[in-house]
Amino acid sequence: MSAITIGSPTRQAWITVLLLWPVALLNYLDRQIFATMKLSIMSGVPDIVTDQHFGDLMAVFLFVYGLFSPVGGYVADRFNRRWVIIVSLGVWSTITWLTGHATTYQQMWWARAIMGISEACYIPAALALIADFHHGGTRSRAVGIHQSGIYLGIIAGGLGGYIADSSYGWRAAFHWFGLAGVLYAAVLLLFLKNAPKNEREDDTSFRPGIVTSLRGLFGAWAFILLIFYFTLPAMPGWVVKSWMPDLLRETFNLGQGKAGVSATLWITLASLAGVLVGGTLADRWMKTNVRGHILVSAIGMAVCIPALFGIGYAPSLGVAVAFLILFGLGWGFFDANNMPILCQIVRPELRATGYGLMNMVSITVGGLAVKQVGAMRDAGSSQSLIFTVCGIAAAIAVVLVLLIRPRPATPAAE
């Protein structure tokens, strides 16, 4: 089925971002509500039984998501980004709807695993499609606007507990959001388009196989540097997401509700502002400096360094939240510019595969960091030590990104 063309190429480029923004929101909302409705889900599915079982359900999603990110990216590069996005949304939304009908641990486990596969295909394909439409002048801003949907999805997912506690119950949340995604996939079918291709890209022999793709990516020293740069901040990123509520609760003697809001709401709003400001700033800098994306990303990560030390040594809840906001702003600068930097160092037909590989390594290392922090806490390590290690990782990341040199611009690349 052909999509409907809307106006000029420039308008179509922004329509693409607009069309994908709700998908980004659903991508994170559908995974976030699972964690926020924990008690209700465990009550409704009695054979989940223990926290460890519930943790296994969250872990299987992350494990499968990380593993299949490069697979989804490769399929998007090799075949058709538009169809990867539409099918991905349709499948994960159907699974979300089915999750609301699960009655056993095994059904939940399979639902989370399949959801991990389907959601993993979306982000690499979506960011590559946006990058195809938006060249140097608007690329970071377009990616930043798309990423803002993710942050609002996280915030909206945090409200899942209220739905679970209401008369509608936790199953209704999965039914509503699953159905919304399936219906929205039909909207994408009508309006989402692939970007126009140049003559070289139209040549089917120009679509590389798996070995050629990997050789093309790992043959570029800048791509290896970018993987390390993308991965090191994942350590503090996942530690903050996973442990901050409990660390604040314990350090400042808070209830779970206040600790949860303090640890997630303000940092997410700050990240939302960061992707919009960081994206716009990078696009403007690119007009005079080919390293604009890299420099803005480095500034953002540099801001994260004192923020992480500040979180670790904060003497009061107010100070801790202030440093969390600073971290969120810096993270937004970083998040808006990863795909634009990737576009400057790899060929267009390798972008989705490259981002998928970055995702896989980053999530794996982030997960190991989360596990290690648990062990450090069991061993009695202080919060200041944990965030000192995170701050050092962020500092190394700044050095690495500044070593990246963009490829000379070519018509095919832009």
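The model is predicted, so local features need pLDDT of at least 70 and side-chain atom pairs count only at pLDDT 80 or more, while totals for chains, interfaces and linings use all residues. Residues are numbered from 1 along each chain as its sequence is written, and side-chain values use heavy atoms, with hydrogens and water left out.

A few terms come up throughout:

- Buried means under 20% relative accessible area, exposed means over 50%, and partly exposed is in between (1.4 Å probe, protein chains only).
- Contact, or touching, means heavy atoms within 4.5 Å.
- Helices (H or I, at least four residues) and strands (E, at least two) are DSSP runs, numbered from the N terminus.

**Nonpolar cores**

- A nonpolar core is a set of buried Ala, Val, Leu, Ile, Met, Phe, Trp, Tyr and Cys residues joined through side-chain atoms within 4.5 Å.
- The largest such core holds 107 residues, and Phe-223 and Phe-387 have the most contacts inside it.
- Helix α16 (residues 317-345) supplies the largest share of this core, 13 residues.
- Beyond its neighbours within four places in sequence, Phe-387 is in contact with Val-239, Val-240, Met-244, Leu-247, Leu-308, Ile-311 and Gly-312.
- Another core, of 19 residues, lies apart from the largest one, and Met-37, Ile-41, Phe-54 and Ala-102 are among its members.

**Cysteines**

- A disulfide is counted when a pair of cysteine sulfur atoms lies within 2.5 Å, and by this rule there are 0 disulfides.
- Cys-121 is in no disulfide, as the nearest cysteine sulfur, that of Cys-343, is 19 Å away.
- Cys-121 counts as buried because its relative accessible area is 18%.
- The sulfur of Cys-304 is too far from the closest cysteine sulfur for a bond, because that sulfur, in Cys-390, is 11 Å away.
- Cys-304 is buried too, at 0% relative accessibility.

**Where two helices cross**

- Helix α4 (residues 81-99) and helix α6 (residues 122-133) have axes that come within 9 Å and cross at roughly 145°.
- Those axes are lines fitted to C-alpha atoms, for helices over the stretch in contact, and the angles run from 0 to 180 degrees between N-to-C directions.
- On the α4 side, the contact is made by Arg-81, Val-84, Ile-85, Ser-88 and Trp-92.
- On the α6 side, Tyr-122, Ala-125, Ala-126, Ala-128, Leu-129 and Asp-132 take part.
- These contact residues of α4 and α6 divide into 8 nonpolar, 1 polar and 2 charged.
- In that tally, Ala, Val, Leu, Ile, Met, Phe, Trp, Tyr, Cys and Pro count as nonpolar, Asp, Glu, Lys and Arg as charged, and the others, Gly among them, as polar.

**Buried residues in helices**

- Gln-383 has its place in helix α18 (residues 383-402), and with a relative accessible area of 13% this residue is buried.
- Setting aside neighbours within four places in sequence, Gln-383 is in contact with Met-244, Leu-247, Thr-251, Ile-311 and Gly-312.
- Trp-331 sits in helix α16 and is buried, at 14% relative accessible area.
- Not counting residues up to four places away in sequence, Trp-331 touches Tyr-151, Pro-233, Ala-234, Gly-237, Ser-271 and Cys-304.
- Phe-174 belongs to helix α9 (residues 170-191) and is buried, with a relative accessible area of 2%.
- Neighbours within four places in sequence aside, the contacts of Phe-174 include Asp-30, Ile-33, Phe-34, Met-37, Ile-41 and Trp-97.
- Asp-283 is found in helix α14 (residues 256-286) and is buried, with a relative accessible area of 2%.

**Residues in loops**

- His-134 lies in the loop between α6 and α7 (139-157) and is buried, with a relative accessible area of 2%.
- Leaving out residues up to four places away in sequence, His-134 touches Ala-13, Trp-14, Val-17, Arg-139 and Ala-142.
- Gly-219 is in the loop between α11 (210-218) and α12 (221-231), and at 62% relative accessibility this glycine counts as exposed.
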